[in-house]
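Dear colleague,

Please find below the structure for your review. A summary of the findings follows it.

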Amino acid sequence: MLEFLNMLIHIDQTLGVWVAQYGAWIYLILFLIIFAETGLVVVPFLPGDSLLFIAGAFAATGYMHPGLLIALLLIAAVAGNTVNYYVGRYIGPRVFSQNIRFLDREALLKTHAFYEKHGGKTLVIARFLPIVRTFAPFVAGVGYMTFARFQFFNVVGALLWVVLLVLAGYFFGNLPIVREHLNTIVLVGLAAAIVPLLLGALWKGVRHMTQPKSEPPPTR
């Protein structure tokens with residue numbers, strides 16, 4: 001059982017074994033993993049970015065159909081976030097006032113602060129940020145973000161995340177230099193997503209500090 005769980009957590013590294021063992025069932029397995037990673041706040045440790053990339057690489061070798069793979073994983077990503085959103089709405093603000101055993105409270109609070117600062121676009125950006133990706137739709141539900149607004153950013157983020165990473169794996173995943181330095185590439189990708197946000201926040205801070213303060217009207 002422990003060996004199976006270890007293989008599941010590291011399926012991005014052992015996908016070839018799963019494909020050989022389960023054949024066409026691999027589509028359902030990947031669907032459930034992406035659904036759980038985006039939809040259940042208790043399993044943020046499941047692979048996401050790297051799994052999409054590796055799955056795309058296997059599709060390039062003919063083991064999976066790229067169109068079917070993208071369609072199923074896109075549905076899984078959208079459905080997972082939607083479930084997570086409704087769980088957040090159901091539980092409500094209680095999660096911020098109580099210590100719930102199965103929730104990573106520190107990660108939840110950090111995601112909430114990030115969400116409050118950057119609004120709906122957090123749902124798009126969070127798709128490329130592990131851990132934050134799992135908690136962002138939950139926080140949107142807790143904050144009672146309107147469903148229509150949530151679903152718009154949810155679908156846009158899922159499209160960018162799934163299509164870009166699967167196609168990147170499809171076209172580049174089987175290049176030796178890419179396979180050997182996959183972890184570095186993922187880190188660079190994360191930096192590319194985070195750095196613009198940090199620069200934007202720094203610029204706003206500098207502008208706020210350099211703006212002249214208005215003087216109060218003289219008292220009579």
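Predicted model: local features only at pLDDT ≥ 70, side-chain atom pairs only at ≥ 80, totals over all residues.

Gly 141 is part of helix H9, which covers residues 132-142. Its relative accessibility is 0%, under the 20% limit, so Gly 141 counts as buried. Leaving aside neighbours within four places in sequence, Gly 141 is in contact with Tyr 85, Gly 88 and Arg 89.

Nine aromatic pairs were found in a search of the whole structure. In one of them, the ring centres of Tyr 85 and Phe 147 lie 5.8 Å apart with the planes at 55°, so this pair is tilted. The pair joins distant parts of the chain, with Tyr 85 in helix H5 and Phe 147 in helix H10 (residues 147-172), 62 residues apart. Tyr 85 is buried, because its relative accessibility is 0%. Phe 147, by contrast, has a relative accessibility of 32% and therefore counts as partly exposed. Ring pairs also link these two residues with Tyr 86 and Phe 150 in a cluster.

A further aromatic pair is formed by Phe 152 and Phe 153; this pair is edge-to-face, with 5.2 Å from centre to centre and 80° between the planes. Phe 152 counts as exposed because its relative accessibility is 53%, whereas Phe 153 has a relative accessible area of 16% and is therefore buried.

The remaining point concerns the packing of two helices. Such an arrangement is described by the angle between the two axes and the distance between them. The axes of helix H3 (residues 26-39) and helix H5 (residues 66-91) come within 7 Å and cross at roughly 30°. Since angles under 35 degrees count as roughly parallel, H3 is roughly parallel to H5. The crossing of H3 past H5 is right-handed. On the H3 side, the contact is made by Tyr 27, Leu 30, Phe 31, Ile 34, Phe 35, Thr 38 and Gly 39. The H5 side contributes residues including Leu 68, Leu 72, Ile 75, Ala 79, Asn 81 and Val 83. By class, the contact of H3 with H5 comprises 14 nonpolar and five polar residues, and no charged ones.

Yours sincerely

Methods
Residues numbered from 1 in each chain as written. Heavy atoms only, no water. Axes fitted to C-alpha atoms, helices over the stretch in contact; angles between N-to-C directions. Helix = DSSP H or I, 4+ residues; strand = E, 2+ residues; numbered from the N terminus. Parallel < 35°, antiparallel > 145°, perpendicular 65-115°, else oblique. Left-handed = near helix turned anticlockwise from the far one by under 90°. Contact = heavy atoms within 4.5 Å. Nonpolar A, V, L, I, M, F, W, Y, C, P; charged D, E, K, R; others polar. Buried < 20%, exposed > 50% of the residue type's maximum accessible area, 1.4 Å probe, protein only. Phe/Tyr/Trp six-rings, centres within 6.5 Å; stacked < 30°, edge-to-face > 60°.
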